[in-house]
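Reader: I'd like to learn how to read a fold like this one. Could you walk me through it?

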Amino acid sequence: LGGRADSRRMELDVGEADRAHAAAILQALGVTETDPLVVIHAGANRPQNRMAPDRVARICAELWRRHRAMVVLIGVAAERDRLEGIRLQVPDPKPALAVDLSLKQLAALLERCDLFLSGDSGPLRIAEIAGTPSVSLFGSANPANTRPLGNSHIVLTPPLTCCPCYEFTVQAERAFERCPTGAFAG
């Protein structure tokens, strides 16, 4: 159409009600303004983009041990059992769950957190909008096409010659288990 964008930066109007909702969640979890806060999104629509539950549990434990960071696991209602399974694998203090937040509530929560950890998923884009530093795990997708913009985002990819992989584009649960390298099992 001939239009030009001044910037590739996305925006989302987060209101005070959204920030109050996020603050209430954190208060109910016992998170103070001075506590280091990490939000983790271990899920994704595509199975190959999901983080392995046992690895997420180990990350949660290390974040507490090394930094005394409070952790909140986020997801949609359908992921509640999976998130609870991760939560139960973590020694005390257990990470908190925040399920079914609206986009603006999630952005408000991410505005407050110090770090966001995720696979290649929608909430990663919300973290970018909120200005939250992130570590993202890319495997089957090409991060050159969809990585967050800016210097406060670290992208990790497996050292495989077959990444990005376009073999497993099917949305079927556990389709990634057919990966001959085993890189995406979990």
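Reader: What covers the buried residues of helix 1?

Author: Covering is read from contact, meaning heavy atoms within 4.5 Å. Strand 1 (37-41), strand 2 (70-75) and helix 4 (103-112) are among what covers the buried residues of helix 1. Helices (H or I, at least four residues) and strands (E, at least two) are DSSP runs, numbered from the N terminus. Keep in mind that this is a predicted model: local features need pLDDT of at least 70, side-chain atom pairs count only at pLDDT 80 or more, and totals for chains, interfaces and linings use all residues. Residues are numbered from 1 along each chain as its sequence is written, and side-chain values use heavy atoms, with hydrogens and water left out.

Reader: Which residues of helix 1 are buried?

Author: Buried means under 20% relative accessible area, exposed over 50%, and partly exposed in between (1.4 Å probe, protein chains only). In helix 1, that gives Asp18, Ala22, Ile25 and Leu26 as buried. Look down the axis of helix 1 and these buried residues fall within an arc of 95°, so they line one face of the helix. The arc is taken from the directions from the helix axis to the C-beta atoms. Turned away from that buried side, the other face carries the exposed Glu16, Ala17, Gln27 and Ala28.

Reader: And what comes after helix 1?

Author: Gly30 follows, with a positive phi near 80°. Helix 5 (residues 122-130), with eight of its nine residues buried, is followed by Gly131, whose phi is also positive, near 80°.

Reader: Now the core: which residues have the most contacts inside the largest one?

Author: In soluble globular proteins, nonpolar side chains tend to be buried together. A nonpolar core is a set of buried Ala, Val, Leu, Ile, Met, Phe, Trp, Tyr and Cys residues joined through side-chain atoms within 4.5 Å. The largest here has 22 residues, and Val39, Val72, Ile74, Leu109, Leu110 and Phe116 have the most contacts inside it. Helix 1, strand 1, strand 2, strand 3, helix 4 and helix 5 each supply at least two residues of this core. Another core, of 17 residues, lies apart from it, and includes Cys60, Ile86, Val90 and Val99.
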